[in-house]
Amino acid sequence: DRSCTPPPQFPMQGKMYVQDFTELSKVSLPFAANLRGIVHSIISTGTTQSGAETIGFKLQDERGNVVRLVSMGRYTESSALTVGHEVAIFFGKAQKAKVNGQEACIWIYNDSFVYVLAEARPVLNVRQEIALKEKKTGE
């Protein structure tokens with residue numbers, strides 16, 4: 001049924017999610033993404049200006065490439081975002097940083113879904129950190 005298949009912005013394995021994170025560097029912000037990977041590391045915790053809890057982490061693909069994500073809302077205290085868990089993340093929002101000096105990342109809000117596919121997966125050394133890019137003027 002084609003009505004359930006969104007038009008692809010970048011190659012999605014099985015039409016469900018991106019698991020080769022180098023593909024993310026080929027798309028300009030903002031965009032929505034479904035991802036599959038392993039929680040590589042927790043890089044920060046904190047709160048927004050409005051007091052909402054956040055957790056920053058890196059998600060690793062099968063080649064060791066990582067992308068930065070920030071969770072705000074229901075998954076902030078979830079055990080799903082544990083180092084070594086393989087997860088599928090649906091409806092992540094890639095957008096530019098809201099604070100000057102911070103890098104663009106993929107945000108997980110309350111309308112996103114995080115599913116644990118496996119636990120205790122090996123975490124690889126980082127091969128490359130994928131930078132998300134803003135649309136250039138004139139694109």
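**Exercise 1. Glutamate 86 and its partner**

Decide whether glutamate 86 is buried or exposed from its relative accessibility, and find the side chain that it meets in a salt bridge.

Solution. Glutamate 86 has a relative accessibility of 10% and therefore counts as buried, where buried means under 20% relative accessible area, exposed over 50%, and partly exposed in between, with a 1.4 Å probe and protein chains only. The structure is a predicted model, in which local features need pLDDT of at least 70 and side-chain atom pairs count only at pLDDT 80 or more, while totals for chains, interfaces and linings use all residues. Residues are numbered from 1 along each chain as its sequence is written, and side-chain values use heavy atoms, with hydrogens and water left out.

The next step is the partner: glutamate 86 and arginine 121 meet through their side chains in a salt bridge, at 2.3 Å from N to O. Because arginine 121 lies in the loop between β7 and β8 and glutamate 86 in strand β5, the pair ties together parts that are 35 residues apart in sequence. Arginine 121 is partly exposed, since its relative accessibility is 34%.

**Exercise 2. The other salt bridges**

State how many salt bridges a search of the whole structure finds, and describe the ones formed by glutamate 129 and aspartate 111.

Solution. The search gives 7 salt bridges, each being a side-chain nitrogen of Lys or Arg within 4 Å of a carboxyl oxygen of Asp or Glu. One of them joins glutamate 129 to lysine 58, with the closest N and O atoms 3.2 Å apart. Glutamate 129 belongs to strand β8 and lysine 58 to strand β3, so this pair ties together parts separated by 71 residues in sequence. Glutamate 129 is partly exposed at a relative accessible area of 30%, whereas lysine 58 is buried at 14%.

In another salt bridge, the side chains of aspartate 111 and lysine 93 meet at 3.0 Å, N to O. Here the linked parts of the chain are 18 residues apart, aspartate 111 being in the loop between β6 and β7 and lysine 93 in strand β5. Both ends are partly exposed: aspartate 111 has 45% relative accessibility, and lysine 93 has a relative accessible area of 22%. Finally, shared partners join Arg36, Glu86 and Arg121 into one salt-bridge network.

**Exercise 3. Aromatic pairs**

Count the aromatic pairs, and classify the arrangement of phenylalanine 90 with tyrosine 115.

Solution. There are 4 aromatic pairs, given that rings of Phe, Tyr and Trp (its six-membered ring) pair if their centres lie within 6.5 Å, with planes under 30 degrees apart counted as stacked, over 60 as edge-to-face and the rest as tilted. The ring centres of phenylalanine 90 and tyrosine 115 are 5.9 Å apart and the planes stand at 70°, so this pair is edge-to-face. Phenylalanine 90 is in strand β5 and tyrosine 115 in strand β7 (residues 113-118), 25 residues apart. By contrast, tryptophan 107 and tyrosine 109 are stacked, at 5.8 Å centre to centre with 10° between the planes.

**Exercise 4. Confidence**

Find where the pLDDT is below 50.

Solution. The protein chain averages a pLDDT of 84, and 83% of the residues score at least 70, pLDDT being the predictor's confidence in each residue, from 0 to 100. The pLDDT is below 50 over residues 1-8, a stretch with 1 contact beyond near neighbours in sequence. Where pLDDT is low, the predicted coordinates should not be read in detail.

Terms used: Helices (H or I, at least four residues) and strands (E, at least two) are DSSP runs, numbered from the N terminus. Contact means heavy atoms within 4.5 Å.
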